[in-house]
Amino acid sequence: MAAPMITPVTHVVFDVDGVLIDTEHLYTDIVEGIVGQYGKKFTMDLKVKQMGRKEPESAAIVIEALDLPLTVDQYLQMAHQQQEKLFPSVEALPGAERLVRHLHKHGVPIATATGSHTHSFELKTSNHKDLFSLFHHCVLSGDDPECKHGKPAPDCFLLAAKRFPDNPDPSKVLVFEDAPNGVEAAHAAGMQCVWLPHRGLDLQTHRHMATLVLDSLEEFKPEMFGLPPFDS
């Protein structure tokens, strides 16, 4: 099946983890540490299933798949202890700051949509407040009462579009995602999607849903989607 055609957009929505900030490897380390205590292994296949989902859903997937003797609350308590230590020092990913500042400077409406809840989001972005202040709004589907379902459902992206003052048509919104569940969510929302897949992912499962597949934000050319080109 062919990838969707590239057409001009007016608004941009970014996922956060693995797109703007380098947290995905930390999530992997945290989960590996938890499941390792019970002699289990955390595989890429399992990571793909949980990426982008709301936190309780993500925890339940791991617990069930690996038959862990934990409740969701117990698992999340262990994960949160590690997040408190690791998240505040997280780095921005290559190309993120340049692209976000460029779009903001040129008046392109931008937002984020993530499966995170408020406390986790604040931890991760604490060193990047200037960058995240440039977004018109941030949809945190982990505890946003209007977001009923996490990715791969389209809810968070449709909500992100709706919260722009001009409520653009989904076809005019470009999404940046790293997770297959996120690519599926953007596709279900009727939006174009730039996929930034992690190494080791099977691209064939979701390539047909992504408008463009790139290794890094540094490779992105805004003019491909009718957005202002970089100044240099």
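Thr114 stands opposite Leu140 in β3, in a predicted model where local features need pLDDT of at least 70, side-chain atom pairs count only at pLDDT 80 or more, and totals for chains, interfaces and linings use all residues. Residues are numbered from 1 along each chain as its sequence is written, and side-chain values use heavy atoms, with hydrogens and water left out.

| Strand joined to β2 | Bridges and direction |
|---|---|
| β1 (residues 11–14) | Three bridges, parallel |
| β3 (residues 137–140) | Four bridges, parallel |

Five of the five residues of β2 (residues 110–114) are buried (under 20% relative accessible area with a 1.4 Å probe, protein chains only). Ile110, Thr112 and Thr114 point one way from the strand, whereas Ala111 and Ala113 point the other way. In a regular strand the side chains alternate between the two faces of the sheet.

The structure also holds one cavity of 30 Å³ or more (a set of points on a 1 Å grid over the protein atoms alone where a 1.4 Å probe fits but cannot get out, lining residues having an atom within 4 Å of a point). The largest cavity has a volume of about 400 Å³, and of the 27 residues that line it, the closest to its centre are Tyr27, Gln50, Gly52, Arg53 and Ser58. Helices α1 (24–36), α2 (44–50), α3 (55–66) and α4 (72–86) each supply at least two residues of this lining.

Definitions and conventions. Buried < 20%, exposed > 50% of the residue type's maximum accessible area, 1.4 Å probe, protein only. Pairing = 2+ DSSP bridges. 1 Å grid on protein atoms, 1.4 Å probe; cavity = no way out; pocket = protein on both sides within 12 Å on 5 of 7 lines; lining within 4 Å. Points joined across faces, edges and corners; volume = space filled by probe spheres on them.
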